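Here's a quick tour of a two-chain model. Have the viewer open and follow along.

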Amino acid sequence: MSINTEEMILNMGPQHPSTHGVFRLKLHVNGETITKAEPVMGYLHRGSEKLAEGFIYTQFIPYTDRLDYMNAMTNNYIYCAGVEKLLDWEIPERAEYLRIITMELNRIASHQLWWGTYLLDIGALSPFLYALRDRETVLDRLNEISGARMTFNYMRIGGVKWDAPDGWIEKVKESVKVLRENIAEYDELVTGNEIFQARTMNVGTLTKEQVINWGLSGPIARGSGVDIDIRKTEPYSIYDRFDFEVPVETKGDAYARYKVRIAELHQSLNIIEQACEQIPAEGDIIHKKGARIMMIKPPAAEAYTRAEASKGEIGVYVVSNGKTKPYRVKLRRPSFVNVSILQDMLVGESIQNVVAIFGSLDVVLGEVDA
Amino acid sequence: MDLLTMILYAVIILGALLGAVTYAILFERKVIGYMQLRPGPNRHGPWGLFQTIADVMKLLMKEDIIPTAADKKIFIIAPVLAFVPSFAIFATIAWSENIVGADLNIGVLYFIGISSITTLGVLMGGWSSNNKYSLLGAIRGVAQVISYEIPLVLSIIGVVILVGSLNFREIVLYQESIGMWLIIPQFLAFIVYMISAIAELNRSPFDLPEAESELVSGYHTEYSGFRFAFFMLAEYVYAIAISALATTLFLGGWLGPAFLPGILWFLLKMCFFMFFWFWLRATLPRARVDHLMGFGWKVLIPLALLNIVITAIIKVWMG
Amino acid sequence: MSQEVLDLVVEKVHGFLGEEVLAFEEPEPEPEEEPKEDEKPKRRKKPEPKIERPADLNFGRPMIILDSDKWSVELAKMLRDDEELQFDFLSCVTGVDYDEHMEVIYNFYSTVKDYYLGVKIKTPRDNPSVASIEPLWKAADYMEREVYDLLGIDFPGHWNMKRILLQDEWEGHPLRKDYVTDKKALGLD
């Protein structure tokens, strides 16, 4: 006797609590096993790249905030750095340090929020609130220097917009101490938990080959034993001056990615500490021309610039034709590339793992849809 | 006259339960709130005392929505069917030496038998909603509750063997006679009972049927307004019932130092169980279905069986 | 370093195509290099008098420029699998629309050798088409679809060439320079 079974199509999203935005996963399910997964995106598409072509160079900076709104500082940076590369400007020392400190603070905030929401996906409530408590410390610091909590619009072509207020560096040093203690709590509360380990170990395993072939980057790549961190392999800004490690795990499962991110929190704190020690007490915070001219005119040229965001490799390809508006700005958004692996890695998994896998990729939809 | 007392007792219990559920919810939110570094509800009334009342009012006044594609009759019956058994089992609970609804000599059996019917409500609700998430939630819920019913019952059997009675009052009186609570001789059973009770109640970390991060809201995704309130009510009433059962079986029911009346001891012990569940909810992530099933069948049932064997041997050996 | 990589790539690609068709520009030695005669790439930029340094492509990074009919999956496979190159990581795919032609720029990275390479492929503006490298680098899956979606460059060989960010019924390709935003239809006006 044969039983006639029907394939069920399960729509996860666009309105679903665990897709972290408007993302839709069309799952073809046989029983509880997924036979095919189709990610559908674009619900949040704002045409950022098209908008860039209509603005003068500086005007586009706030729009980069809205890509990965959890890690806006690096987005600001990469766009500015891309244009600076065309201009061949030297960035003032103090500005470089401020950039590093704010970017690393933002990376911490981003990872903390990921930690909280991932645990929320897994079904634990409290970590989310602990993460938000600690993120508040970071956001306060960023707020004090940039005037915003999430979409900073802080970097400028040639430097940064605001100098650090009095005593800010000291405050950051204090915060680092506080954060160190708080982040140690994360391990106590979650990392050793058996249910958590059972849900993440050997779930969503990615091999080294898969990672490279699918162009995955950031903690996902490092969780699978691919030792790429652009801060190390191709030190941009002044990352070569700091002593930090690139945490790498080899297992490639969700738990490995979790461990990488937690370890990265500590490394970011190390970088901030060193930067706070080294930062020159005073100096320019923006390139002389950058401060003076609104209408920046890079020479006709094009270049690809990349940096390490909290989600992976963020890049920008800027084409200039010597006018005041960019001819073309292409944004390489890490989440957009990282999310593509879903169609491959979800096949054969059970529905109960979808959330644990999807969450472990740390995807931000603002960035996917641009 | 007899009928009148019966009805009176039922009404009083219902009223008390509604109040208890109201404040159990507040208690839960406050406990979890403090554990999560926030004050919990504090806008309605002093210390947020009227928060749940306001929530219930909101639920009752909401528009009653029945999805077009739903199976209407079943959809309507489901919440009722989930609630009624969870309420009916309170008939046999012995609150104190004198306060008891029906002094059944098969009290434990009645309790377990009736409480299983709640599952039907879950299944019907999930099925009739005509929603894939509801259906998945209901399937998970039924599978889970049925699997964990077995270790739950098996763990109770240890107590029953020791006491030699299914009557709640006699179970407590037995504990009085031997001078200790059954949690000590039946510690293994207590552990099994506690774990399976959490799964029975669909509470965290085993709250898979309503795992909001995966299944939106599980079997009651499509329910709103007072029907949803019914499901919530059933869930909490059942939680209270299970903690009452645990109190009776393992913590000596109303027994306690004489400076407090027995019923207060009973309620305090129940509160302890409730608190324990809330504490777990604030701490643990959610388990996965297959782990949960494996744990139930491969660990809890053998443990419960082992407990029965040991208890039986002790019983025979002690005469 | 990048000059060596470029020389290596140029040599390999020449060897592969068997003809002198590769046009390349190398920024590091500053004066203009002699591009190969027959395939002189169309430089869209006119020499401007006031720029501070010579206009160049992809600063400090090797880049080769090809015509779309010279570009093929086999050539890409050579870039990926050749022992000395091993460009196994695809960083970015960019499409650019110019008045007379369109370009697709692939940015490769070699995780083994730590090399970078840009490959710029030019394709005619009417009926633009570039061989897809999706079969080799799965990373190109979404990135090429995005280029197709926004610029309308076709990638034959891609397994699932359809729109990704815009809805399927969308007309036109917004990142083309001649795209007219119909504000009325979008309800913006």
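## Ground rules

Helices (H or I, at least four residues) and strands (E, at least two) are DSSP runs, numbered from the N terminus. This is a predicted model, where local features need pLDDT of at least 70, side-chain atom pairs count only at pLDDT 80 or more, and totals for chains, interfaces and linings use all residues. Residues are numbered from 1 along each chain as its sequence is written, while chains are lettered from A and ligands numbered from 1 in the order in which they are written.

## Spans in chain B

UniProt, in an unreviewed entry, lists "transmembrane region" for several stretches of chain B, including 107-127 and 292-318; such annotations may be inferred rather than shown by experiment. Residues 107-127 of chain B are 95% helix and 0% strand, with end C-alpha atoms 32 Å apart. For residues 292-318 of chain B it's 100% helix, 0% strand and 37 Å.

## The sheet in chain A

Chain A has an open sheet of 3 strands, ordered β1-β2-β3 with antiparallel pairing (a pair takes at least two DSSP bridges). The edges are β1 (8-12) and β3 (33-40) of chain A, each pairing on one side only. Between β2 (residues 24-30) and β3 of chain A there are 7 bridges, and A:K26 has A:E38 as its bridge partner in β3(A).

## Where the chains meet

On chain B, 23 residues contact 22 residues of chain A, with contact meaning C-beta atoms, placed from the backbone, within 7 Å. The elements of chain B giving two or more residues to this side are α1 (2-35), α9 (212-215), α11 (262-283) and α12 (289-318).

Notes:
Contact = placed C-beta atoms within 7 Å.
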